[in-house]
Every structure is written in structure tokens, then in C-alpha cells.
Amino acid sequence: MDLTQLGKLNKGEDEDDQVEPITDLSMLGKLGLQGAEQHMGSGKIAPINLSLDEASAKAKKCITETEGWTEVPSKSEAQLWQKSYGKAKDGSEIFIAKSTVTINANAKTVFNIFWDVNALKKWDISTVGDAQVVENGNPQLVYIQHKVLSAASAKRDVVILRAHRQEGNNTFVYGTSTVSPKVPEQSKSMYTRATLVFMGFLIETTGGNSCKVTFVNCFDFAGFVHIKFINQEVLRVSQRLVKIKQM
């Protein structure tokens with residue numbers, strides 16, 4: 001496929017995959033999420049252009065640390081927390097979401113589901129349009145198109161460099177956004193190039209056919225968006241784990 005033509009794709013969306021938007025901002029505090037008055041951060045601009053090693057270190061730290069997280073009711077069996085990563089260039093806050101769940105499957109099966117780009121649309125409700133491996137291997141270069149946020153904004157796409165490694169009986173997948181001439185940015189009227197600041201997916205074996213999975217995700221929409229979309233992205237981290245468990 002000619003990646004320079006990706007911006008011309010305009011595939012439909014599955015209504016069953018839509019996350020119900022949070023329109024009553026007074027309810028955000030009850031869900032442990034952020035209101036519009038909390039959307040604007042303070043302090044230094046957060047670093048978003050990370051190397052793969054830096055992304056790995058940040059993701060692993062978030063997985064293991066317990067301080068500074070706010071629990072978010074996820075309305076599912078997966079536990080969910082969030083914390084601030086810092087301020088984006090436009091002044092909006094970037095959040096880290098962390099979720100964990102026990103899956104009744106062996107670690108290899110869970111890894112294969114998560115790593116398989118062809119399975120992505122089955123468990124990542126943000127993905128629409130194209131999702132493909134640009135360069136295979138370990139690390140691997142992946143291109144993903146995300147759903148439109150609203151009628152007034154462009155869809156997001158993201159280019160991710162990701163890798164995996166064994167840590168004893170556990171498997172750790174990690175990744176971050178990157179720039180590649182093989183995947184040029186499309187017209188901003190069609191797609192805005194978002195940033196996956198870092199991602200980590202730790203699979204810990206707990207038995208012969210059981211494992212604990214922890215997923216951390218830090219995503220920058222690359223431009224100011226309504227707070228409900230940022231909150232939805234936090235909630236989707238736990239929803240992705242639940243969908244993986246159901247596969």
C-alpha cells in the first residue's frame with residue numbers, strides 16, 4: 001500500500017465501539033477525572049519526543065510505582081488509575097493512564113493478541129481506517145489511524161516504534177511515537193499527527209493458564225481538544241484490556 005495515500009482513506013466506524021461522551025462536566029469529579037477548569041496545566045512543558053529506551057524506562061517506572069496515582073472508576077473488572085504527565089505546548093494537560101486485570105490465558109497468547117496489528121481493531125476501540133506494520137522486526141514500526149474526535153476536528157494518526165523483551169517469565173512491550181520518511185504526515189484537514197509519548201504493556205505469569213496484565217499509556221492529541229476526549233482516552237485504557245481478555 002502507498003502510505004502517501006493513507007490520508008485519502010475514509011472508512012466507516014462501528015457505532016458499537018463508540019464511547020459515550022461525558023457531556024455533564026459536573027460529573028467528572030465523581031468519576032475521578034478532570035474538569036475543564038483543571039485541563040490547563042502549570043509548570044514546564046512535558047517532554048514528548050522520547051527515544052525507545054526512554055519510553056521503556058518511563059513506562060516501567062509507571063507500572064511499578066504506587067504513589068501519586070488517582071483511582072478512576074472504570075465500570076469494568078479492570079482497575080484504572082491516572083496521573084498528570086505535564087503540560088503540552090498548547091497549555092493542556094497530558095495524562096498517564098494505568099490499568100491492570102487478570103486474564104485467564106497464558107502469557108504467549110496475550111502477547112500475540114497485543115502484538116498482532118491485524119487484531120488491533122478488535123480490542124482498540126480508538127482504531128479506525130488503516131493499521132499496518134511499516135517495518136517488521138523487534139523493534140517494529142507501526143502506523144495507526146484513530147477515530148475522528150468530533151465533526152469540528154481532524155482524525156488523529158500516529159507512527160509508533162515499539163519493541164518487546166523477556167524479563168524472566170514476564171514479557172514487556174513498550175513503545176513511543178517516532179518520525180519516519182516512510183510515513184509522511186497527511187493533510188491536517190484529514191489527519192493530525194498525534195504523539196504516543198510512551199506505552200508499556202507488562203504480562204506477568206501467575207499460573208499455567210493465567211497472567212496479570214498492566215497497561216500504561218501516555219497520549220498527546222497534538223492540539224487542544226475538549227476535555228471529554230482526554231477523559232475518554234483515559235477510560236479506554238481499561239476498556240482495551242477488557243476487550244483483550246474477552247478475545
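How many residues lie between β6 and β7 in their hairpin, and which turn residue has a positive phi? The legends below take this up, using a predicted model.

**View 1. The hairpin of β6 and β7.** Two residues sit between the strands. In this turn, Gly 168 has a positive phi of about 70°. Strand β6 covers residues 155–167, and strand β7 covers residues 170–177. The two strands pair in the antiparallel sense. Eight bridges link them. Look for Glu 167, which stands opposite Asn 170 in β7.

**View 2. Strand β7 and its partner β9.** β7 also pairs with β9, residues 195–207. These strands run antiparallel and are joined by five bridges. Thr 171 stands opposite Ile 203 in β9. Strand β7 is mostly covered. Of its eight residues, seven are buried.

**View 3. Arg 240 in helix α4.** The helix spans residues 227–246. Is Arg 240 buried or exposed? Arg 240 counts as buried because its relative accessibility is 3%, and the cut-off for buried is under 20%. Beyond its neighbours within four places in sequence, Arg 240 is in contact with Trp 123, Asp 124, Ser 126, Phe 215, Asn 217 and Glu 233.

**View 4. The whole chain, for orientation.** The chain has four helices and 10 strands. From the N terminus, the elements run α-β-β-β-α-α-β-β-β-β-β-β-β-α. Of the 247 residues, 56% count as buried. The chain exposes about 11,700 Å². Carbon and sulfur atoms supply 49% of that area. Among contacts between residues at least 6 apart in sequence, 64% join residues at least 24 apart.

Note on methods: Residues numbered from 1 in each chain as written. Predicted model: local features only at pLDDT ≥ 70, side-chain atom pairs only at ≥ 80, totals over all residues. Heavy atoms only, no water. Buried < 20%, exposed > 50% of the residue type's maximum accessible area, 1.4 Å probe, protein only. Pairing = 2+ DSSP bridges. Contact = heavy atoms within 4.5 Å. Areas by Shrake-Rupley, 256 points an atom, 1.4 Å probe, with all protein chains shown as cover.
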